[in-house]
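Have the model open while you read.

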Amino acid sequence: MTSAGRPQRDGLSIGAVLAQLRPEFPDVTISKIRFLESEGLLRPARTPSGYRQFTQSDVDRLRYVLAAQRDHYLPLKVIKEQLDAASDPDQPVRALVGVERLPTPEDFAAGHEVRMTREELFAETGIDQRLLAELENYGLVRSGAAGFYDSDAMLVARIVVAMGEFGIEPRHLRAFKVSADREVGLLHQIVGPMYRQRDPDARERADEIVRELASLSVALHTLLVKTGLRGVAGG
């Protein structure tokens, strides 16, 4: 018997599951777990009295759902498709598209430049000539002076393809480009005077500042989107 006078059950109670997940997901609640169950993402067993019994597999599944929402901002429908595909050996698992972490200032430093032809870009991303023309028209992708594309263009194209699976077209993404241009404009106002100085140390300091500010601006944007989506994403 439990302290509340109920028969001892096998498996984990919803409270025990919450205790396991709270250190990694501080915002998770019992209501959130129940909501995910109602959406078909969890299927805990029930006792004859109706109490939920979670297995460790259920906890792992729940951890996957919460991480996919937190780290990749995926809709529950897509997460459910991922889980269903993972349980079906004949169904290929659709890879999550996103980043593992927020960018650091070092991510904005110039690195090894990748030079890709149009044909290589098509092969790496799955886009075609028509879609590339749209991306270039809306300023989302552009080639260098010699006509080659870099790794950033490749990643943008891949993300656009992934968003296209949800009915989002390049024209809908123009707002992202406008927002990014405004952020770049703000950073330019701050560091522009430093770049115009002849002192090499000042230019080096400007490089450090712009990388740090770029990292902070992306982090702020990400957190604002995350906050705004809480109500939309069911908690």
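Let's begin with helix α2 (residues 30–38) and α3, whose axes come within 12 Å and cross at roughly 100 degrees. That makes α2 roughly perpendicular to α3, a label for angles of 65 to 115 degrees. On the α2 side the contact uses K32, I33 and L36, and on the α3 side L62, V65, L66 and Q69; contact here means heavy atoms within 4.5 Å. By class, that gives five nonpolar, one polar and one charged residue. (Nonpolar covers Ala, Val, Leu, Ile, Met, Phe, Trp, Tyr, Cys and Pro, charged covers Asp, Glu, Lys and Arg, and the others, Gly among them, are polar.)

A word on the source: this is a predicted model, where local features need pLDDT of at least 70 and side-chain atom pairs count only at pLDDT 80 or more, while totals for chains, interfaces and linings use all residues. Residues are numbered from 1 along each chain as its sequence is written, and side-chain values use heavy atoms, with hydrogens and water left out.

Next, helix α3 (residues 56–72) meets helix α4 (residues 76–86), with axes that come within 10 Å and cross at roughly 140 degrees. That makes α3 oblique to α4, and their crossing is right-handed. R61, Y64, V65, A68 and Q69 in α3 touch L76, I79, Q82, L83 and D84 in α4. This contact has six nonpolar, two polar and two charged residues.

Then there's helix α8 (residues 174–195) with helix α9 (residues 200–229), packed at about 165 degrees with axes 9 Å apart. The two are therefore roughly antiparallel, the term for angles over 145 degrees. Their crossing is right-handed. From α8 come E183, L187, I190, V191, M194 and Y195, and from α9 a list including A202, R203, I209, L213 and H221.

Here are the contact residues by class:

| α3 with α4 | six residues | two residues | two residues |

What about the rings? A search of the whole structure turns up zero aromatic pairs, a pair being Phe, Tyr or Trp rings (six-membered for Trp) with centres within 6.5 Å. R115, though, lies over the face of F148, at 4.0 Å from the ring centre; a charge counts as over a ring if NZ of Lys or CZ of Arg is within 6 Å of the centre and within 35 degrees of the ring normal.

Terms used
Axes are lines fitted to C-alpha atoms, for helices over the stretch in contact, and angles run from 0 to 180 degrees between N-to-C directions. Helices (H or I, at least four residues) and strands (E, at least two) are DSSP runs, numbered from the N terminus. Angles under 35 degrees count as roughly parallel, over 145 as roughly antiparallel, 65 to 115 as roughly perpendicular and the rest as oblique. A crossing is left-handed if the near helix is turned anticlockwise from the far one by less than a right angle, and right-handed if clockwise. Rings of Phe, Tyr and Trp (its six-membered ring) pair if their centres lie within 6.5 Å; planes under 30 degrees apart count as stacked, over 60 as edge-to-face and the rest as tilted.
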